[in-house]
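Subject: Model handover

Hello,

Here is the model for you to look through.

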Amino acid sequence: MLDFQFYSPTEFVFGKDTESRAGYYVRKYGGSKVLLHYGGNSAKKSGLLDRVKDSLSAEGIDFIELGGVQPNPRDTLVYEGIELCRREGIDFLLAVGGGSVIDSAKAIALGVPYDGDFWDFYSTEKRPAAALPVATVLTIAAAGSEGSGDSVITRTDGGFKRGAGSDLIRPKFSILNPALTCTLPAYQTACGATDIMAHVFERYFTNTPEVEITDRLCEAVLMTMVKETPRVIADPGNYDARANIMWAGMVAHNNIVGVGREQDWNSHGIEHELSALYDCAHGAGLAVIMPAWMEFVYKHNPMRFAQMAVRVFGCSMDFAHPENTALEGIRRFRQFLHSIGMPVNFAELGAREEDIPALVEKFGIGDGRTGGFVKLSAADITEIYRIAAHASLS
Ligand code: NZQ
Ligand code: ZN
């Protein structure tokens with residue numbers, strides 16, 4: 001196991017009706033004037049936004065609103081938010097929504113105290129020195145942004161999707177009420193489930209030996225997702241299954257399952273170019289890319305893939321030919337994603353094979369190599385897009 005530091009300071013408030021305590025927690029973490037940030041219509045339609053506002057008002061906390069965050073959140077609204085916060089003297093950001101809303105709030109939080117362009121933190125190695133405090137009321141189990149120090153934003157000019165990371169933007173508190181996720185369409189539920197599994201796989205496929213505890217934690221999250229996702233697709237109002245998935249989404253990405261081990265993250269980088277170009281859901285892009293990446297790299301360590309196949313997908317071990325077990329595990333993963341309504345290939349995602357050179361160009365590694373488990377070149381990434389373009393269930 002590698003040496004590590006683990007810092008996850010977020011207070012998680014989990015359970016029914018917990019959004020009614022938003023005001024109390026904003027006060028606890030020092031907020032006096034709040035920017036209430038949200039997405040399209042879902043939080044308004046469900047009445048959630050009104051309940052959060054009531055909770056803020058009950059604590060006598062002043063707030064203003066900025067809605068309209070789109071999935072794959074854009075820099076344009078971030079700039080608007082930064083100006084608004086400065087003008088209004090905002091000292092606390094409360095994101096009510098999913099990963100897109102939370103990431104937009106985190107970007108605003110980084111931008112307000114910074115003299116330059118907030119995009120510096122996403123496009124260069126520059127690290128932030130300060131940020132406004134951020135907190136969340138989560139409405140979809142997916143990105144894990146409720147417990148992570150990451151934010152992913154799309155630059156409208158040029159369509160670049162890039163991430164920034166800092167402990168400064170780890171949420172002060174996150175309110176997780178599984179009942180809020182019962183209004184999710186099946187497709188969004190499945191996209192979220194795919195993203196959660198991908199966050200685990202990015203950590204599971206490692207070259208670090210002797211990481212039994214994190215291997216087993218990873219497998220527990222993956223097995224939970226395999227069990228619970230079909231239950232909520234069949235029965236969207238199943239609170240207990242929603243609750244297990246919601247906590248799995250947090251555990252998958254606050255890095256407790258990834259400490260002490262080298263991680264990969266190429267599938268995420270390769271996917272981000274798809275959601276930047278086609279504005280598809282991140283999880284749907286991952287459903288197409290992650291199995292393709294697995295097929296491209298499994299020979300690097302067939303036993304690790306066989307371990308996943310046996311422990312997570314219940315495959316029987318072919319001791320003479322572990323590659324066969326590895327391939328069977330990948331096949332079952334793709335089959336599982338299909339069974340929950342995820343796309344299998346480019347055509348089902350709405351992507352085009354002729355765009356592959358442009359996708360690789362925007363990925364932007366030139367002659368270099370990237371990734372933890374297997375270091376990929378531009379030619380390797382081209383091949384992974386090709387596998388994803390033509391993938392099938394056979
Ligand atoms: O905008 P509204 O109307 O709220 O609709 C949203 C949106 O259309 C809807 N939705 C959310 N909660 C709902 C609901 N609809 C009905 N009932 C509810 N309770 O779902 C749609 C998707 O929302 P979004 O926030 O985009 O989903 P997600 O949480 O998957 O976030 C995706 C974004 O997070 C980034 C992705 O790249 C993508 O931009 N990621 C962020 C990470 C992080 N910060 O740590 C890590 C991830 O790997 C990921 O890259
Ligand atoms: Zn993700």
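Domain bounds here come from an automatic or database domain assignment. For this chain, that assignment gives domain 1 (11-180) and domain 2 (186-390).

Some ground rules. This is a predicted model: local features need pLDDT of at least 70, side-chain atom pairs count only at pLDDT 80 or more, and totals for chains, interfaces and linings use all residues. Residues are numbered from 1 along each chain as its sequence is written, chains are lettered from A and ligands numbered from 1 in the order in which they are written, and side-chain values use heavy atoms, with hydrogens and water left out.

The domains

The centres of domain 1 and domain 2, taken over C-alpha atoms, are 27 Å apart. Domain 1 puts 28 residues into the contact and domain 2 puts in 26 (contact means heavy atoms within 4.5 Å). Together they bury about 2,000 Å², with 61% of that on carbon and sulfur atoms. Buried area is the accessible area (1.4 Å probe) that two parts lose on being put together, summed over both. On the domain 1 side, Ala141, Lys161 and Pro178 supply 24% of the area buried against domain 2, more than any other three residues.

The ligand

Ligand 1 has 31 residues around it (a heavy atom within 4 Å). The closest are Gly40, Ser42, Gly99, Ser100 and His199. Each of domain 1 and domain 2 gives at least three residues to this shell. By class, the shell has 19 polar, 8 nonpolar and 4 charged residues; Gly counts as polar in this scheme.

Now the polar contacts (N or O pairs within 3.5 Å). Ser42 has a polar side-chain atom 2.6 Å from an oxygen atom of ligand 1. For His268, the distance from a polar side-chain atom to a ligand 1 oxygen is 2.8 Å. An N or O atom in the Ser145 side chain sits 3.1 Å from a nitrogen atom of ligand 1. Of the 960 Å² of accessible area that ligand 1 has on its own, the protein covers 88% (Shrake-Rupley method, 1.4 Å probe).

Best wishes

Conventions:
A polar contact is a pair of N or O atoms within 3.5 Å; within protein, one must be able to donate a hydrogen and the other to accept it, and residues adjacent in sequence count only if both atoms are side-chain atoms.
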